[in-house]
Amino acid sequence: MRRIIYSDFTKEILKLSRINNYSKKIVGYKESKWMNNPFPIYKLEVNKKAKTKFCIVAGVHGDEIAGPYSIIELLKRPKFFKKEIYYQIFPVINPTAFELQRRNNDKGRDINCLNKKTLKSKNYKEIQFFYKEVQNENFDFFISMHEDLDVDKAYGYIYENDFEKIYRKLFRRERKWKTKKIYGDKSDGQGLVKNVHDHSLEDRLFSMGKTKLSIATETPGKLNLERRIIMNLKNLEIINNHLLNNINI
Ligand SMILES: [Zn+2]
């Protein structure tokens with residue numbers, strides 16, 4: 001698979017939305033002094049009237065491409081979308097980083113940070129656009145799809161009050177960790193880092209009570225892209241089934 005530029009990526013997203021009747025919205029235009037044209041940031045919505053809410057975010061870091069590409073593959077599968085679930089999808093939340101093929105935005109900022117400072121700073125416009133969309137939300141599940149480009153094993157950052165089985169169903173075969181720490185954070189010894197409050201989107205949305213369940217998944221960049229996309233699609237399928245099975249609880 002060849003790397004595509006942001007305008008081609010959005011063309012594909014819009015085409016698939018048109019074909020399958022997903023609604024689309026531009027949540028903001030990310031302007032950049034150093035780059036041509038403002039970059040529209042999109043949110044796609046499916047089944048707006050359903051009560052169970054599933055939010056899917058990708059492209060927080062521009063060099064972690066499996067997430068955005070997984071969204072394209074997901075949009076090609078209209079059967080994935082169940083009428084009982086309201087999906088809110090942010091296919092690429094950091095378009096300048098996607099275009100520059102690097103982690104941080106055009107201002108050199110890591111936008112995976114939602115707090116008082118980033119909600120005011122002109123260097124974090126992406127976060128402000130995102131927050132405007134989610135500040136009054138109550139999601140049942142929030143996922144932000146990341147990648148770790150330096151490893152060959154998958155892992156995740158999870159947020160829970162109790163032992164939530166659903167998290168352990170994700171990446172079940174791919175979390176081959178045997179260490180108690182991942183980058184200095186305590187893990188369960190099987191690739192799940194718990195309740196690290198780092199102001200990331202997944203941390204803040206959970207801590208602020210805007211989502212019941214929250215995870216950042218990290219696909220292993222050392223494996224090929226197709227495999228990483230398959231891992232993401234499988235995780236999304238598992239979460240989808242979980243939400244369907246728990247709809248009246
Ligand atoms: Zn990342």
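This is a predicted model: local features need pLDDT of at least 70, side-chain atom pairs count only at pLDDT 80 or more; totals for chains, interfaces and linings use all residues.
Asn 47 is located in the loop that links strand E2 (39–46) and strand E3 (52–58). The phi angle of Asn 47 is near 60 degrees, a positive value in a residue other than glycine.

A positive phi is also found at Gln 101, again a residue other than glycine, with a value near 55 degrees. Gln 101 belongs to the loop between helix H3 (95–100) and helix H4 (125–134). Because 11 other C-beta atoms lie within 10 Å of Gln 101, this residue is classed as exposed.

Helix packing was examined for H1 (residues 6–20) and H2 (residues 66–75), whose axes come within 10 Å and cross at roughly 20 degrees. The crossing angle makes H1 roughly parallel to H2, since angles under 35 degrees count as roughly parallel. The crossing of H1 past H2 is left-handed. On the H1 side, the contact is made by Phe 9, Glu 12, Ile 13, Leu 16, Ser 17 and Asn 20. H2 contributes Pro 68, Ile 72 and Leu 75. By residue class, the contact of H1 with H2 comprises 6 nonpolar, 2 polar and 1 charged residues.

Technical notes:
Residues are numbered from 1 along each chain as its sequence is written. Axes are lines fitted to C-alpha atoms, for helices over the stretch in contact, and angles run from 0 to 180 degrees between N-to-C directions. Helices (H or I, at least four residues) and strands (E, at least two) are DSSP runs, numbered from the N terminus. Angles under 35 degrees count as roughly parallel, over 145 as roughly antiparallel, 65 to 115 as roughly perpendicular and the rest as oblique. A crossing is left-handed if the near helix is turned anticlockwise from the far one by less than a right angle, and right-handed if clockwise. Two residues are in contact if their C-beta atoms, placed from the backbone, lie within 7 Å. Ala, Val, Leu, Ile, Met, Phe, Trp, Tyr, Cys and Pro count as nonpolar, Asp, Glu, Lys and Arg as charged, and the others, Gly among them, as polar. A residue is buried if 20 or more other C-beta atoms lie within 10 Å of its own, exposed if 12 or fewer, and partly exposed in between; C-beta atoms are placed from the backbone.
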